[in-house]
Amino acid sequence: MALAQFIADHGLDIFTTMLGLLYIILEYRASIWLWLVGIVMPALDIYLYWSHGLYGDAGMAAYYTAAAIYGLLVWKFGSLRLKERPASDASGKNSEHSSITHFPLKKLLPTLMAFLAIWAVIYFVLVNYTDSTIPMTDSFTNALSFIGLWALARKYVEQWFIWIVVDAVSCYLYIVKGIPFKALLYGLYVVIAIFGYMKWLKMIQKG
């Protein structure tokens, strides 16, 4: 009976955590399949977060679902273009991962301004239209996630830095809100993101 109640209370948390593990593995490998998991997982997370009072995260999960479709199209389009290229560039190097690039410095200020604007808007909504008890932190992770997803879709290697911050703060949030498996997942995300950054750097060098 106790086990059944535990599963009833945390079943969705456990299942989406498993999907999350699959997602980060696929992201680490720069696999296009990450976007398919990225469509299903946040769709389920909408209810999970909303039921625990994480309204910002629930809204973000809805955005994730739409953004994953965008990411899938961008990566697929990029893959098609790569297939049209020769197997190697002029220097004879394999160009399989050449679409992974560094974040352009000229985009740093506009991106920062966009982040602050999104943070302010989400914070305003949470404070005025929900009963969120952690609007500042919830809005921070959501605003930064907007930027992170965009950077991931563009295959900027520095997107991993964004996710390290998001994952660390989210781990704390889920502990506070009683979503233990999600908290463990995001703690693991921090570690994997560090290794993911190093792997993507190697991919650029191989490109």
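**View 1. The side chains of K182 and D45 form a salt bridge.** In this predicted model, a nitrogen of K182 and an oxygen of D45 are 3.2 Å from each other. K182 belongs to helix α7 (residues 180–206) and D45 to helix α2 (residues 34–51), so their pairing ties together parts that lie 137 residues apart in sequence. Both K182 and D45 are buried. The structure holds one salt bridge.

**View 2. Helices α6 and α7 cross at roughly 165°.** Helix α6 covers residues 159–176, and its axis comes within 8 Å of the axis of α7. Because angles over 145 degrees count as roughly antiparallel, α6 is described as roughly antiparallel to α7. The crossing of α6 and α7 is left-handed.

**View 3. S170 sits in helix α6.** The relative accessible area of S170 is 4%, and the residue is therefore buried. Residues up to four places away in sequence are not counted in what follows. With those set aside, S170 touches T141 and Y186.

**View 4. L149 is a buried residue of helix α5.** Helix α5 runs over residues 135–153. The relative accessibility of L149 is 7%, so the residue counts as buried; the cut-off for that class is under 20%. Apart from neighbours within four places in sequence, L149 is in contact with W35, Y63, Y64, A67 and W163. A separate distance relates L149 to I162, which is 13 residues away along the chain: their C-alpha atoms are 9.3 Å apart.

**View 5. The whole protein has seven helices and zero strands.** Read along the sequence, its pattern is α-α-α-α-α-α-α. Of the 207 residues in the protein, 43% are buried. Among contacts between residues at least 6 apart in sequence, 71% join residues at least 24 apart. The accessible surface of the protein comes to about 11,100 Å². Carbon and sulfur atoms account for 72% of that surface.

Methods. Residues are numbered from 1 along each chain as its sequence is written. This is a predicted model: local features need pLDDT of at least 70, side-chain atom pairs count only at pLDDT 80 or more; totals for chains, interfaces and linings use all residues. Side-chain values use heavy atoms; hydrogens and water are left out. A salt bridge is a side-chain nitrogen of Lys or Arg within 4 Å of a carboxyl oxygen of Asp or Glu. Helices (H or I, at least four residues) and strands (E, at least two) are DSSP runs, numbered from the N terminus. Buried means under 20% relative accessible area, exposed over 50%, partly exposed in between (1.4 Å probe, protein chains only). Contact means heavy atoms within 4.5 Å. Accessible areas come from the Shrake-Rupley method with a 1.4 Å probe; for residues, only the protein chains shown count as cover. Axes are lines fitted to C-alpha atoms, for helices over the stretch in contact, and angles run from 0 to 180 degrees between N-to-C directions. Angles under 35 degrees count as roughly parallel, over 145 as roughly antiparallel, 65 to 115 as roughly perpendicular and the rest as oblique. A crossing is left-handed if the near helix is turned anticlockwise from the far one by less than a right angle, and right-handed if clockwise.
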